[in-house]
Amino acid sequence: MNILITGAAGNIGSELVTALIQRKDCFVVAVDNLLTGSMAKLPQSTGNFKFIKADVNNWSELSSIMTSYKFDYVFHYAAVVGVMRTLQNPAMVLNDVQGIKNILDLSKNTGVNRIFYSSSSEVYGEPVEFPQNEKTTPLNSRLPYAIVKNLGEAFLRTYYQEYGLNYTIFRFFNTYGPKQSEDFVISKFIRQAINNKELPINGNGGQTRTFCFIKDNIEVTLKCLFENMCLNDVMNLGNDQEIKIIDLAKKIIQLANSKSSIAYLPALEEGDMTRRMPDISKMKNILGRNLTELDSGILMTIQAFQNYR
């Protein structure tokens with residue numbers, strides 16, 4: 001089968017590429033504009049893998065790729081990411097709507113079987129219910145990043161209703177691992193800790209998050225693809241064990257045997273929700289095993305970071 005992955009040089013996209021090309025029945029085309037992605041995250045070229053630098057928001061660049069290959073499946077993971085980057089560049093974030101439309105129109109016209117779309121926990125905004133369930137929790141965030149993700153979900157549902165284009169929506173909750181960029185909290189804390197530098201926390205650190213190790217994310221994704229699960233549905237992909245950011249910082253300092261201290265910075269004016277905890281009942285049913293413990297995932301990530309210091 002031919003598979004297109006956009007945003008392929010990012011944390012999740014690159015791990016998905018690596019997993020898929022282990023199968024000889026898959027040919028993967030990886031697309032990224034390298035705005036935030038890195039070629040260093042991608043595997044070496046193989047007979048069933050090709051990288052193309054392109055911007056999915058550019059119709060001519062994307063259409064030449066999608067008409068050259070008959071893709072069976074598309075993973076649309078390309079997006080402007082990172083809290084500070086998305087807050088500081090709202091117009092750039094809104095431009096990603098064009099990429100969503102390009103992917104959908106070209107998929108519809110070239111016979112794609114299903115699109116897998118990377119949505120986000122940010123669509124929930126400030127939670128009104130715990131855990132955050134895919135069907136009952138309102139999607140109430142006003143941030144441009146969350147609005148674009150929510151709009152993308154609406155486009156997918158509409159194209160299914162109008163044209164029969166199948167979809168799967170993954171709402172990612174803080175997925176971390178060895179290839180995560182330092183725009184995100186665990187990777188930032190680890191980098192600071194292994195260099196014995198201060199770990200920066202916005203506010204008092206009382207805000208809670210959950211963290212999903214990349215291995216769990218990829219395993220569920222592959223099952224959805226190869227076992228035809230979560231068809232025309234939405235699923236939270238994350239972990240349901242909450243931890244305060246201050247406790248996360250202390251844990252990473254301890255696990256890294258670091259001499260780092262904690263630096264408290266002013267709270268963000270927007271975008272830093274007080275709690276995050278998903279209902280991952282669907283994910284657990286598909287995974288069929290216990291999720292990776294936070295300590296274990298952090299230790300594996302620390303080891304990987306130390307190897308590439």
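I began with the second largest cavity, whose lining I found to hold five nonpolar, three polar and no charged residues (Ala, Val, Leu, Ile, Met, Phe, Trp, Tyr, Cys and Pro count as nonpolar, Asp, Glu, Lys and Arg as charged, and the others, Gly among them, as polar).

I note that this is a predicted model, in which local features need pLDDT of at least 70 and side-chain atom pairs count only at pLDDT 80 or more, while totals for chains, interfaces and linings use all residues. Residues are numbered from 1 along each chain as its sequence is written, and side-chain values use heavy atoms, with hydrogens and water left out.

I took a cavity to be a set of points, on a 1 Å grid over the protein atoms alone, where a 1.4 Å probe fits but cannot get out, with lining residues having an atom within 4 Å of a point. Points are joined across faces, edges and corners, and a volume is the space filled by probe spheres set on them.

For the second largest cavity I read a volume of about 40 Å³, and I listed its lining as N174, T175, Y176, Q180, F184, V185, I186 and F211. Two or more of these residues come from each of β7 (175-176) and α7 (185-194), helices (H or I, at least four residues) and strands (E, at least two) being DSSP runs numbered from the N terminus.

α6 (144-163) and α5 (96-110) each supply at least two lining residues, and α6 gives the most, with three.

Note on methods:
On a 1 Å grid over the protein atoms alone, a cavity is a set of points where a 1.4 Å probe fits but cannot get out, and a pocket is an open set with protein on both sides within 12 Å along at least five of seven lines; lining residues have an atom within 4 Å of a point.
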